[in-house]
Amino acid sequence: MSRLPQGGLIDRSQPLDFSFDGAKLCGFAGDTLASALIANGVALVGRSFKYHRPRGIMTAGPEEPNALVTLGEGARAEPNTRATTIELFDGLSATSQNRWPSLKFDVMAINQVFAPLLVAGFYYKTFMWPERFWERVYEPLIRRAAGLGALSGDPDPDAYDRDHGFCDLLVIGGGPAGLSAALTAGRAGLRVILAEEDVRLGGRLLSEQETIDDQPAQLWVDDAAAELASLANVRVLVRTSVFGAYDGRTYGAVEKLSDHLPSPPQGQPRQRFWKIVAQRTLLATGAIEQPVVFGGNDRPGVMLASAVSTYLNRFAAVPLDPRTGRAVVFTTGDSGWSTAEDLVKAGIEVAAVIDTRPECGALSRDRLAKVGVRILQGAAVTDALGSRLKAVRIRDSAGRDSLIRADLLAISGGWAPSIGLGAHLGRKPVWSQGLQAFVMDQDAANLTAVGSAAGRYSLRHALLDGQREATRIADERGLSQPARRTLRAEAEQLAAPPIRAVERHRTKAFVDFQNDVTDKDIALAVQEGFTSVEHVKRYTTLGMATDQGKTSNINGHALLATAMGRSLGETGTILSRPPHQPISIGVLAGPHRESHFRPTRRTPGHAWAQANGASFVDAGLWKRAQWFLRPGETHWLDTVNREVVAVRTGVGVCDVSTLGKIEVQGPDAAILLDRLYANTMSTLAVGRCRYGVMLREDGFVMDDGTVTRLSEHQFFLTTTTANAARVMQHIEYARQVQWPDLDVSACSQTEQWATFAVAGPKARRLLDAMTLDLDVSDAALPYLAAAETRWRGHALRLFRLSFSGELAYEVSGPADQGEALLTALVDAGRELEVTPYGVEALSVLRIEKGHAAGAELNGRTTAHDLGLGKLLSKAKPFIGREMAARPPLTASDRPRLVGLMPIRPSDPIRSGAHLVAPGFAPTAQNDEGHVTSAAWSPTLNSHIALALLVRGPERHGERIVVHDPLRGADIEAKVTSAVFVDPEGSRLRG
Amino acid sequence: MAKAVQITALTGLRVATIMARRGVVARQVGAALGLAAPSRPGRVTNDGLALIATAPGAWLAIAESDGAGAWPADLADRLGDAAAVFDQSGAYCVFRLEGPAARQMLQRGIAIDLDPAAFGPNDTVVSSLAHLDVIVWQSGGEDSFDVAVFRSYADDFLAWAERVAATFD
């Protein structure tokens, strides 16, 4: 075990058991998986993406590129999870990835032998010959080799939630800058949201041994946390990572509610997606330490210096054997020195500190030299050696090479402000020569970087920045507050001089660890002409892994700059893209998955239908009863046939509540309707209904429905289910935009009324049995008449309209009485053996009658095509009239509506099949139309269909070939009228 | 232990949509009904009748059903030529959410600020909640909210409400 006997922020009274690759290990509450692995002496945690090189833990934060593990098992297994961000819990199980058969012995490491062939862009130049090998050999091989980690393939068993946050100030990051800002703003009375992705506040103060006001910084953090918790106007969200900045001052964040537990408590979500709208935002996300590019810099045992300090100080975990291990520190700036001091304080032997600067760090240097640490200045590490680090090769200031035995190499290549979020709205980072770093373009008024995120790395600046910016924001809002005294804290700067890569190393030097991009790949890209940062990114894949180059972009772009003889400022860098950290897709979906993907609309008759054996089908968002299976019926066609026959010979009841309903009121209502419909509505008498067709502005049919005149200035419209919203929009556009001078109002009533069709020869007898306070005789209520009465204290409307072609009524009551009305109708019809019927039978009935529906009203048919040309009024203007008269829309050879009956009644005709004259080859040239709707007609004992056929109405009686290559052999059919049953319409009347 | 949020379906409400006719302003509509008709998202009540602005020149009128008279004929009579009236008593289901977590729970579903500073006792929200169109107002008391949703979506709303309310318990 490599755990220090005391110290750290772990809770040694809470030991935790966990396993990694099957090995049972122990840690403590407060550990991450990474710190626990380090404390257990586990050095090897994965294999790199391309070359399958052995890799260890390199960092202590979310920027980790190497320690990608699969967390959990079964359906909860989550691949590519960074061990540094996983909170350890009892029973945690994790496995390494990208290796077979084991981490120690990985067959794919053979890739390293082929390394010269696998350089950047190799796939553009290989796998091309022989061509036939691509699909069968190369592609399957590449697919198997590609990717990192594997999905379980099981559905995600967890629930995800959403929440919305609103604030005057969003502080992203709970380190010293963020805490200082949140305190200042909170005390001033602003609404503050503070988001910290770690489990506790403190940021860098958790990893460094700093003081504030001469006290350990942790005390200040604890006080700050307590004060923030006490302020009602401040919301602190821990385990919450802000992943994206969006337009409208909106930010996306993910709160991990139970990833630190084996599974979420019953009824609780696993993670929550926050949409936060913030008037102002402060980016207090700190800075990320960068590696240096030298040979073997990816070896297990090579770690960022600040990470070594974090493991020692926060987790009391030692990344080498504390008794026999030797550490070497390689730094290009001051921060490596504090790691050397942390190692010495922990009792670890520090063999040497190698600083690339010729002159530096007087205080640290003397302290360390006193305890026997060798100091080399103006020197560099050229190679790290050993598949697990054993030694480092160094070059001193005189250019001489030597070897130092080492088990841990702590490297510090300087710091890069973590400003990814700042780039999400398209602003490229700008190079600051003074800070030697890319910083945020500070033009954005709503998003400001503070502290290390702004390149001001000292603790003192972090505290001051947070306070200053929060004060400025409070002043903007007129909420000033008494100035607090400035806290005393360390003021040193940590800016590093620009040495990012070491020349003349002998082994492979890595730039991007996650994608295995080496310095040679960058050179190759330049050689091949890819010289912009964007091209280098895509050609070499630098920065394209899930870490988006957090520890590789700067070094890669610096190498590019050097190769091009440009400055880093001139070279620029790439934009980070949301999500800044990987997030689960489940959290974006939230509860809207599978059956909850969209809302479900249920009709007033739904519960009754469910209780009476209905199967349901989707009609847009609605659930509609498809048919009502009776005991003993085994095939749906038997059920549907029974329902159709019942309507044609007895009486049936169908829930048609989904049809759109719109009430139009006002002195100019009739005028508006005349302009909307192709036929005339102003001549409709009160208490009468009329079939209506609406055209689009381009002359094609938009929808059909009915219009009923309730009073002189009141009309009631129905539309098809699918077009209800579209027609309402159409009416509103006409009313509000095209003719705002008309005095007319329109309101959707689809939800207000439950409507049931009562259809069949016995329909009137059913209504008689309802004993309504209304005369429903043919004389009082003829075909196309409407009436209103009261039933059980509520309004009841009757419309004598028929979609089935039988004697029929549409009976409407308020939707909240819908179930009662349906029940009453069924009770009233019991002695008549009333049959509930669903949309399948409804469809058969209307096809038998040649009524156009969705398949015919497909947006490409005109009124003439559908045989409705006579409805187009010549006496008044209406929407679509002029365009409908265009020659192509009135051409005589357009496909027009006909009926089809197969010569052999048992031959099925299917919608979508195409029509060809007999004796002609079935080619596009000879295509004369297609089948739009088809059904088995129990009334005619034959398959029937509606179709659009060139010059159809003139070809009744002719034979036609129905060509359906996808589903069956060609069949021969006869062209008929589209109205198969009761063409005179006598069953409608009387 | 009391539940964090209590969800009740209100019954027996009378609801109607009122649309001002051309040239008629909110003040005239309000005068006909004896209250100040709101012309921004808001709710005004008088003598058992509540008026909620839902769009320019459009309101939802809600009354308790034990009030005598025909609905919405009486409303139409009072408004006369000022506005068109459409019965919506069957169209909406109204749910009451009560309890210390009611506001927080609604905030989970609605992307509009519901903090007391931004959403006061007379304010209304016409927005979407879990892909459902809703109208929300406070119903007397800081912890009590009414949510009106179209009847066809009522089951979905209830499912959302019960699931989210449970996360507070």
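**Entry 1: the fold of chain A**

I began with contacts inside chain A, where contact means heavy atoms within 4.5 Å. Of the contacts in chain A with a separation of 6 or more, 67% are between residues 24 or more positions apart.

Before going on, I noted the ground rules. This is a predicted model, in which local features need pLDDT of at least 70 and side-chain atom pairs count only at pLDDT 80 or more, while totals for chains, interfaces and linings use all residues. Residues are numbered from 1 along each chain as its sequence is written, chains are lettered from A and ligands numbered from 1 in the order in which they are written, and side-chain values use heavy atoms, with hydrogens and water left out.

Next I looked up the helices and strands (DSSP runs numbered from the N terminus, H or I of at least four residues for helices, E of at least two for strands). Chain A has 23 helices and 50 strands. Its radius of gyration is 38 Å, well over the 30 Å that the globule rule gives for 990 residues, so chain A is more spread out than a compact globule. That radius is taken over C-alpha atoms, and the rule is 2.2 Å times the number of residues to the power 0.38. I also wrote down the span of the C-alpha trace along its principal axes, about 115 × 75 × 55 Å.

**Entry 2: where chain A meets chain B**

I turned to the interface. Chain A brings 39 residues to the contact and chain B brings 34 residues. The buried area between them is about 3100 Å², with carbon and sulfur atoms giving 49%; this is the accessible area (1.4 Å probe) that two parts lose on being put together, summed over both.

I then counted 19 residue pairs in polar contact across the interface, both residues at pLDDT 80 or more. A polar contact is a pair of N or O atoms within 3.5 Å; within protein, one must be able to donate a hydrogen and the other to accept it, and residues adjacent in sequence count only if both atoms are side-chain atoms. On the side of chain A that touches chain B, strand S8 (160-172) is one of the elements giving two or more residues. S8(A) gives the most, with 6 residues. By class, that side has 14 nonpolar, 10 polar and 15 charged residues. Here Ala, Val, Leu, Ile, Met, Phe, Trp, Tyr, Cys and Pro count as nonpolar, Asp, Glu, Lys and Arg as charged, and the others, Gly among them, as polar.

**Entry 3: salt bridges**

Side chains of opposite charge can pair when their charged atoms come close. For a salt bridge, a side-chain nitrogen of Lys or Arg lies within 4 Å of a carboxyl oxygen of Asp or Glu.

I picked out Arg108(B) and Asp163(A), whose closest N and O atoms are 3.1 Å apart. This pair runs from helix H3 (residues 102-109) of chain B to strand S8 of chain A. Both Arg108(B) and Asp163(A) are buried. Another bridge joins Asp115(B) to Arg191(A) at 3.9 Å.

Within chain A, Glu476(A) bridges to Arg280(A) at 2.9 Å. The pair links distant parts of the chain, helix H9 (residues 459-476) and strand S15, 196 residues apart. Glu476(A) is partly exposed at 43% relative accessibility, whereas Arg280(A) is buried at 18%.

**Entry 4: two residues up close**

Leu821(A) sits in helix H20 (residues 818-828) of chain A. Is Leu821(A) buried or exposed? At 1% relative accessibility, Leu821(A) counts as buried. Leaving aside neighbours within four places in sequence, its contacts include Phe756(A), Met770(A) and Trp791(A).

Asp982(A) comes in the segment after strand S50 (971-976) of chain A. I noted it as buried, with a relative accessible area of 11%. Its side chain makes a polar contact with the side chain of Ser986(A) at 3.0 Å.

Notes:
Buried means under 20% relative accessible area, exposed over 50%, partly exposed in between (1.4 Å probe, protein chains only).
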